[in-house]
Amino acid sequence: MRIKLMIPCLVEDCLPEIGLAVVSVLERLGVGVDHPQGQTCCGQMAFKTGDAAGARAQALRSLDLFAGTDPVVCPSGSCTKMLRTYPELFPPGTPDHARALNLAGRVFEFCAFVLALPGAPDFGAQLNARAALHRSCQLDGSEAPQKLLSAVRGLTLLEPERPERCCGFGGLFSLQFPAVSESLLEDKAHELLALDPDILVSAEPSCLMNIGGYLARLGRAGRPVRALHAAQLLDLALKGALTGGASWS
Amino acid sequence: MVLSSSFTPRNFREQSEKASHDARLRAVLDHATRYFMAKRGAALDAFADCEVHFARARSARLTALSRLPELLEQLEQSATRAGTQVHWATDAAQAREIITGIAQGCGAQVVVKGKSMITEEIALNPALQANGTEVWETDLGEFIVQLAGEPPSHIIAPAIHKSRADVAALFREKLGLADLDDGASIPELTLLARQALREKFLAADLGVTGVNIAVAETGSVILVENEGNIRMSTTCPPVHVAVMSLEKVAASLEDAADILRVLPRSATGQKMSSYVSVLTGPRRVGEADGARESHLVILDNGRSAVLADPLLREALLCFRCGACLNSCPVYQTIGGHAYGSVYSGPIGALLSSLLLPPEDTRDLPFGCTLCGACKRTCPLGIDHPKLLLRLRERGLESGRADSPGFASAAHTFLSLHPLAYRLAVGAARAVDPNLDLLPRLPGLPSGLANFADTRQLPELKRPFSAQLRDNRKKQGRKKQGGA
């Protein structure tokens, strides 16, 4: 099977290690990965600031980049959701609307896609660590990350008191309402640190950047919490399986 | 509808930022919203076929909106037949005029009120008081905020922002109870309010309430409550005025029952509120109690314009259970006053944006992280985030909202031109790989500096696509070498 990889702009330039882990995991599990060139932004930023025209122009680029019938896999809940929103940007009955519907029907968030592969969820991955999961409201209640990571041997997957609560990022929100955003982040960090994790794991890069950046600033005496995307954790754990289980120290 | 206090929706951003720094407020809100959510969760867990009942309630509300003009005419006829005098008000000023007219007509010296958001919306109390009428809020929470000279901060829990000790201090001062201790229990405080209010009920010439549901078929007004003060306000005084916004109609008693099965469970986690009053016209000959004269004021105040918008009309489905407020992380952090208008939280941001002058509300649709907690909580299936996005778009179209700014516009432009995008990011990486300068660039929102203070900004790294290309070249060479 071949898929087309959709890489969020945040991952392309700031968190490329997430993209590399996605490719590594998918290829290890027998999936061929095409990465269409010329990807920039899915249009989410424009869409969420109310710039429908800008979002539509960006959507048209995505429709060209990801044309065809291959599944499109994206390591971000919010970008996946944006691609699924494309049909709303075009009048029903137009060719672009039809193309948008076609794309929306074959775009998968990374964890959900891996969970649908043969052999899922137990791929023999192993990682001895305590991981605190941030579900991310951007995944719209999907339980794919929990299901996928629960199957990693040796991993203690922990969830905070209010697992679905927003981390306060909200894109533009964090810039327009910085103090409110920070208050929410403070609550989230507090609930996550109470779990005493080695790793913070999430399937949403923007939340990961937000919470991970705060935890890094906050510091924790002696033992920093490493922020990992679910794909990075899975990649480590799949490699770990070869050596009898990677250990966290 | 804008609050008479110093809070205004124009200053929503500043007010929210300030509120989020108020540790005491945050603690009180955290406690109260968790309490409501836990009670609601337990009630819904015990509610068999919950989703079916939600769908029936939504269906009743959709019926009301889709047949609104016809149902309102039917309501007028049925209510009139039952002996209720029906009045139509286009806006708040007209509604105030009608009600102050009724008060003057019956020579009202004392007015008692049941808790209602609609009379807050039309700012009724100051209008009645301006004519020398004494006005008393009789819901415990409303009574508390009235004594404090504050507006309510939650749809169903007006004094949610006050702790028990705050209330004790307030009663000590305002009710002249010098001995009242800060540690007074809630039953003690309730009893004191009850004693103060009992005299008012007996002295009242006029009772004013809102409406939860008005039944077109029968002309009945349905009111739900837990304290009995609405029952008292509608039966003790000789005259009762019920005020409704026009979307609160239900086609039939059956539809009303579908709504009543969901409303209390979603609002307070109760199967049914302690009191449900169904009032059909004034007291009839031979009946022992009830108002001798009953009025129904049907208020538009901008709603028919909302109804005409095919997407935004969904906001009018709301029956004010308040669950979206309790579930909203932003509301949990800033409370109701920061919104600066009568309705707060997710539904408040929507209603205020739709009903108030656009220039006053441009920030409201942006005070949301789009996390969707409200949508998941709403029993009527209102998609608040989607509607807020639509309002952001509308604000931008009319040039009202802050333009997305240099940053967002530049990002959109560059993302449409991949080569320019790569060049721009490449240049930025060469000059400022750790993004130290970014927060200080002109044209970027000032919040970025704050963002960078509290979080480590990501650094610009060698792009994923370049790294993937390198890896694949290496793999290719390995394969060739091995072959």
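**Ground rules.** I am working with a predicted model, where local features need pLDDT of at least 70, side-chain atom pairs count only at pLDDT 80 or more, and totals for chains, interfaces and linings use all residues. Residues are numbered from 1 along each chain as its sequence is written, while chains are lettered from A and ligands numbered from 1 in the order in which they are written.

**Entry 1: the sheet of chain B.** I began with the strands, taking helices (H or I, at least four residues) and strands (E, at least two) as DSSP runs numbered from the N terminus. Six strands of chain B make an open sheet with parallel pairing, in the order 1-10-7-4-2-3; two strands pair if DSSP finds at least two bridges between them. Strand 1 (85-89) and strand 3 (134-137) of chain B are at the edges with a single partner strand each, so one side of each has no neighbour in the sheet. Neighbouring strands of this sheet are turned by 20 degrees against each other on average, direction ignored.

**Entry 2: around strand 2.** I followed strand 2 (residues 110-113) of chain B, which pairs with strand 3 of chain B in the parallel sense over four bridges. Val111(B) has Val135(B) of strand 3 as its bridge partner, and Lys113(B) has Glu137(B) of strand 3. Strand 2 of chain B also runs parallel to strand 4 of chain B, joined by three bridges. There, Lys113(B) stands opposite Val208(B).

**Entry 3: a helix across the sheet strands.** I then looked at helix 10 (residues 186-203) of chain B, which lies across strand 2 and strand 3 of chain B and runs at about 120 degrees to strand 2. Axes here are lines fitted to C-alpha atoms, for helices over the stretch in contact, and angles run from 0 to 180 degrees between N-to-C directions.

**Entry 4: helix 16 of chain B.** How many residues of helix 16 (residues 345-355) of chain B are buried? I found eleven of eleven, with Gly345(B), Leu350(B) and Leu355(B) among them. A residue is buried if 20 or more other C-beta atoms, placed from the backbone, lie within 10 Å of its own, exposed if 12 or fewer, and partly exposed in between. The cover includes helix 13 (303-307), helix 14 (323-327), helix 15 (329-334), helix 17 (373-377) and helix 18 (384-397) of chain B.

**Entry 5: helix 3 on helix 12.** In chain B, helix 3 (residues 50-66) and helix 12 (residues 253-268) pack at about 130 degrees, with axes 8 Å apart. The two helices are therefore oblique to each other (under 35 degrees is roughly parallel, over 145 roughly antiparallel, 65 to 115 roughly perpendicular, the rest oblique). On the helix 3 side I noted His53(B) and Arg56(B) among the residues that meet helix 12, whose own residues include Asp255(B) and Arg261(B). Contact requires C-beta atoms, placed from the backbone, within 7 Å.

**Entry 6: chain A.** Helix 10 and helix 11 of chain A pack at about 75 degrees with axes 10 Å apart. That makes helix 10 of chain A roughly perpendicular to helix 11 of chain A.

Conventions. Contact = placed C-beta atoms within 7 Å.
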